[in-house]
There are 2 protein chains.
Amino acid sequence: MSEPQFVAVDWGTSSFRLWLIGENDEVLGESRSGEGMTTARETGFANVLGKHLSQVQAPDDLPVIVCGMAGAKQGWKEAGYIDVPARLSDIPDLSVRIEGEARDIRILPGLAQRDPHASDVIRGEETQLLGSSRKMKSSDCLVAMPGTHSKWVRIVRDEVLGFATFMTGELFDAISRHTILSHTMKDSPGFDGADPAFTNAVHSALKEPELTTNRLFSVRARGLLFSVSPAEAEATLSGTMIGLELAGALKSAPKDTPVILVVSGKLRGLYEAAFHRVGLKFSTVDADDAVRHGLSHAARSIWSL
Amino acid sequence: MSEPQFVAVDWGTSSFRLWLIGENDEVLGESRSGEGMTTARETGFANVLGKHLSQVQAPDDLPVIVCGMAGAKQGWKEAGYIDVPARLSDIPDLSVRIEGEARDIRILPGLAQRDPHASDVIRGEETQLLGSSRKMKSSDCLVAMPGTHSKWVRIVRDEVLGFATFMTGELFDAISRHTILSHTMKDSPGFDGADPAFTNAVHSALKEPELTTNRLFSVRARGLLFSVSPAEAEATLSGTMIGLELAGALKSAPKDTPVILVVSGKLRGLYEAAFHRVGLKFSTVDADDAVRHGLSHAARSIWSL
């Protein structure tokens, strides 16, 4: 086992993940919890980090590289944004150091698209981009990072040209819990990407995105007039929201631009099925690996490891 | 003052409105409350109606005509649906009578579009249609009835050809309360149809409906990078959802089809401003008048008054 070289932390709104990293990016230890920014604002960022560092027995002088919401205005220390167009390799140079800590702790900046008509921000996913960059064989690609707020990034020759966020996951949650569809989806046992109700909804929403809220009501109406299982209703809502995202995300990219899908967990199967259904050319990168590789890349650049 | 001829009731999910009607549709008395279907399921439909009938001192033998959710499966008595295409004049003929009541109480049926790929239902708005039919001077028109679930109905020569429901109001509520936009809109003092943030959002969403969820996130991002007032954020969300509705509703109608807007309250100003912004040819009918006229029309037809 190699000696630890640094600690990598992905600090989201509601999750905390820490890895003890050795030579050749070997993972020597790992610690996870739900102590995201929301919790750490109450209990103290230094306390949360300290607890997890003890967990993996990190030496006192080991440096720590952090990405995510710990760098938001309401986080530990604001790490600002790099304006696009921007080179991915600029990200490590603009990290900010936490003052008053003996250990060298740095937070990576986000990305900002400072266009009043298409304002957008990224915080956390820039590190996934950095970690996926080895996969970008084409000189022109789209990187899709699905989630609560799905990010679609256009990259040409290592330069981030622009990006767009779609509130897909958050709207899926709000609609499934707080609208009339909650009745139709009640006690759904779940669904997967192979479900035709899902893939058909993706296709329909991509083709006719303007009918989105009509399609959602139609699920309820079909339940009244015919019958709809809770799983079918849930699959249709999910497919409709993902299809709407695809319609917007693919709108301005040249046809046949290759897509790199950075994803993990259940969303992987759904987005892969959706991409197959609409005929996208894509390859998949595991999102957990991507963020760890990105943090490593930044750490090695900052501390010349 | 004329003698009362019948009682008209608009019984929604969360509202109850009753009018005592005389000759020439004269309103002789009125009673309103929040005792919609949800409440009446608990306290008893007959009790709620009885209380309001006493309120307006309705004679014991006066008949009552009812529309709305009292006729839903989970209402007082299921009044079913008339399948489209359907003539508006068929609606009164298919009312159902409440059994076991001395008084003649009838509930009007809804409309159903029994198409597995575009299932849709109307319950309550069919009576507004009936009450607006005198305004339909053109042989071909669209009737827009905005609300929690906005209804757009295509009518050709008094026949309902088809319709579509858009979950505009319900999504506006869910998004403004249960997503990240709730922070950006916090303590908004409100906005109106003259607000350029509203009309510009209508225009943008009509033009590029596929960017809907991106536009919503962009409001949040603009707040982080520049500044956005809570009222501007609320106006943008509202305009985006209404613009998305227009994109879907106008999609399959022949260009320049005249629109009859059946609306009341705050939504009137917003939809009129939205229609002006996108250049629609329309006339407005007050929704409260429309439902009362529709109930009267049905009562006079059923009881030959």
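Author: The contact between the chains takes 39 residues from chain A and 39 residues from chain B, where two residues are in contact if their C-beta atoms, placed from the backbone, lie within 7 Å. This is a predicted model, in which local features need pLDDT of at least 70 and side-chain atom pairs count only at pLDDT 80 or more, while totals for chains, interfaces and linings use all residues. Residues are numbered from 1 along each chain as its sequence is written, and chains are lettered from A and ligands numbered from 1 in the order in which they are written.

Reader: Which helices and strands of chain A each supply at least two residues of the side that touches chain B?

Author: Helices (H or I, at least four residues) and strands (E, at least two) are DSSP runs, numbered from the N terminus. Those of chain A that each supply at least two residues are strand S10 (120–122), strand S13 (159–166), helix H4 (168–178), helix H7 (212–225) and helix H8 (230–250). H7(A) gives the most, with 10 residues. By residue class, this side of chain A divides into 21 nonpolar, 11 polar and seven charged; Ala, Val, Leu, Ile, Met, Phe, Trp, Tyr, Cys and Pro count as nonpolar, Asp, Glu, Lys and Arg as charged, and the others, Gly among them, as polar.

Reader: How are the two copies related?

Author: Copies are superposed by least squares on the C-alpha atoms of residues with pLDDT of at least 70 in both. Here a rotation of 180 degrees with 0.0 Å of shift along its axis superposes chain A on chain B, with an RMSD of 0.0 Å. The two copies are thus related as by a two-fold rotation axis. The same surface serves both copies, since 100% of the contact residues of chain A recur in chain B.

Reader: Which residues touch the most other members of the largest nonpolar core?

Author: In soluble globular proteins, nonpolar side chains tend to be buried together. A residue is buried if 20 or more other C-beta atoms lie within 10 Å of its own, exposed if 12 or fewer, and partly exposed in between. A nonpolar core is a set of buried Ala, Val, Leu, Ile, Met, Phe, Trp, Tyr and Cys residues joined through C-beta atoms within 7 Å. Of the 192 residues in the largest such core, Val66(A), Val143(A), Val262(A), Val66(B), Val143(B) and Val262(B) touch the most other members. Leaving aside neighbours within four places in sequence, Val66(A) is in contact with Val9(A), Trp11(A), Ile105(A), Arg106(A), Ile107(A) and Leu108(A).

Reader: Which residues of helix H2 of chain A are buried, and what covers them?

Author: In helix H2 (residues 45–55) of chain A, the buried residues are Phe45(A), Val48(A), Leu49(A), His52(A) and Leu53(A). Seen down the axis of H2(A), these buried residues fall within an arc of 130 degrees, so they line one face of the helix; the arc is that of the directions from the helix axis to the C-beta atoms. On the other side of H2(A), Asn47(A) and Ser54(A) are exposed. The cover over the buried residues of H2(A) includes strand S1 (4–11), strand S2 (16–22), strand S3 (27–33) and helix H1 (37–43) of chain A. Just after H2(A), Gln57(A) takes a positive phi of about 50 degrees.

Reader: Which strands pair with strand S9 of chain B?

Author: Three bridges join strand S5 (residues 81–83) of chain B to S9(B), and these strands run parallel. S9(B) also pairs with strand S10 (residues 120–122) of chain B, in the antiparallel sense over three bridges. Leu111(B) is the bridge partner of Ile82(B), and Ile122(B) in S10(B) is the bridge partner of Leu111(B). S9(B) and S10(B) form a hairpin with six residues between them.

Technical notes
Pairing = 2+ DSSP bridges.
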